[in-house]
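Please open the structure in your viewer and keep the sequence beside it.

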Amino acid sequence: MKEELLYESKSSKIFLKEDNDQKTKVITKILNQEFPSSETISKFYNEFELTRELSIEGVRRSVERKKVNNRHAIVMQYVPGKTIRERLDGEVFTIPDFLAYAIEMARILSEVHEAKIIHKDINSHNLIIDEESGKAHLLDFGISTKLNLKEQNLENPEKLEGSLMYISPEQTGRMNRRVDYRTDLYSLGITYYEMLTGRLPFQYTDSMEMVHAHIASQPPSILSHREDVPDVLQQIVDKLMAKNAEDRYQSARGLMKDLEQCLKSWKETEDIQDFKLCQHDFSGDFQLPQKLYGREKELSLLMEAFDRVSGGKLETVLVGGYSGTGKSVLVHETHRPITAKRGYFVEGKFDQFQRSKPYLAFIQAFNSFVSILLTENETRLQPLKKQIKNAVGEE
């Protein structure tokens, strides 16, 4: 067959063609840049490295890495079907169809997590369903990682990894929490919400508004969009979309078991009877809660000072203590309220091993601030540029 262009983005093009050796269709993903940086190449081949030896039914495997017209390329299996987003352009899923595909997705994600991989970009564009076979497939492991825990940087929301409409609160970098496999469960919850209602839970065009919604806002009830959804499914989606990772399902397998119970009940009565959720929800990993304990008084004082400053006052708050007692973690609890006020968080640290550098912490803080400003769009940059020029003149 002739090579066919399926998709084009700023960074790559995806072609469909037939593999003459295997007599099967394959996808070729080609990087647009002829001379990319080593970091770009490493990110591009991340999917190949993670999926080439995965034998999980429902995960598209990478077959080969090569160069096409002097550009880096990955050859992958072809997966028939439509993305969930394409399928939703027609109508929302019926309850039995939703349950069948939701169970498949939970199973795939469970096996991905068992392989110690965090996907970090679960959304309706990366999940394909084949209505003829009833199978689901998970795509795009480009930003996935094999680390169990990952620190997020506090940066411009438009530059965050993953799809902003689906990322978990901790993936925004503004929750003072590490990212682990439960970030995928939050994103899957948003995808389930979309499958049942035909719309996303948060409808914002502004990036910072979307980040704040993930951190602090509760989405409209599924039942407010669609009355025929059983209450149990509302409870399951609500649990998946909990703001704190500790309040979500702790494993995709536990989620799958609850969905299987729902499907069994539906087949018997065309309804889903209430039952206790999470009876089979056990994580294979030992995880200490990331909540801050024993600092309620100090946190309260910090938040009160923040509220006063937000009202226009100027203050300095000093946090003292020995190294390793949690001063940084305490201060980072201001991430969420700063996001709500559309503010910037910058930090610098005096290092005992770099005492020879004067004003090191201030230099780090200003470097951090400039780095954030340089990622802003032109609309946000113009008034900031004007303010800086007014302040420093021609210096």
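Begin by selecting Val232, Leu233, Ile236 and Leu240 in helix α8, together with Leu255, Asp258, Leu259 and Cys262 in helix α9; these two groups of residues meet each other in this predicted model. Sorted by class, the contact of α8 with α9 holds seven nonpolar residues, one charged residue and no polar ones.

Next, display the whole of both helices, α8 at residues 231-240 and α9 at residues 252-269. How do two packed helices come to be described? The angle between their axes and the distance between the axes are used. Here the axes come within 11 Å and cross at roughly 170 degrees. An angle over 145 degrees counts as roughly antiparallel, and α8 and α9 are therefore roughly antiparallel to each other.

A search of the whole structure finds two cavities of 30 Å³ or more. Which residues line the second largest cavity? Select Met105, Ile108, Leu109, Ile122, Leu127, Leu138 and Leu188 to see this lining. The seven lining residues are nonpolar, with no polar and no charged residues present. Helix α4 (residues 95-114) gives the largest share of the lining, three residues. The volume of this second largest cavity is about 40 Å³.

For an open space, select Val317, Val331, Val346, Glu347 and Gly348, which lie nearest the centre of the second largest pocket. In total, 36 residues line this pocket, and its volume is about 1,600 Å³. By class, the lining of the second largest pocket has 19 nonpolar, 11 polar and six charged residues.

Finally, select helix α14, residues 378-392.

Conventions. Residues are numbered from 1 along each chain as its sequence is written. This is a predicted model: local features need pLDDT of at least 70, side-chain atom pairs count only at pLDDT 80 or more; totals for chains, interfaces and linings use all residues. Side-chain values use heavy atoms; hydrogens and water are left out. Axes are lines fitted to C-alpha atoms, for helices over the stretch in contact, and angles run from 0 to 180 degrees between N-to-C directions. Helices (H or I, at least four residues) and strands (E, at least two) are DSSP runs, numbered from the N terminus. Angles under 35 degrees count as roughly parallel, over 145 as roughly antiparallel, 65 to 115 as roughly perpendicular and the rest as oblique. Contact means heavy atoms within 4.5 Å. Ala, Val, Leu, Ile, Met, Phe, Trp, Tyr, Cys and Pro count as nonpolar, Asp, Glu, Lys and Arg as charged, and the others, Gly among them, as polar. On a 1 Å grid over the protein atoms alone, a cavity is a set of points where a 1.4 Å probe fits but cannot get out, and a pocket is an open set with protein on both sides within 12 Å along at least five of seven lines; lining residues have an atom within 4 Å of a point. Grid points are joined across faces, edges and corners, and a volume is the space filled by probe spheres set on the points. The expected span of a helix is 1.5 Å times one less than its number of residues.
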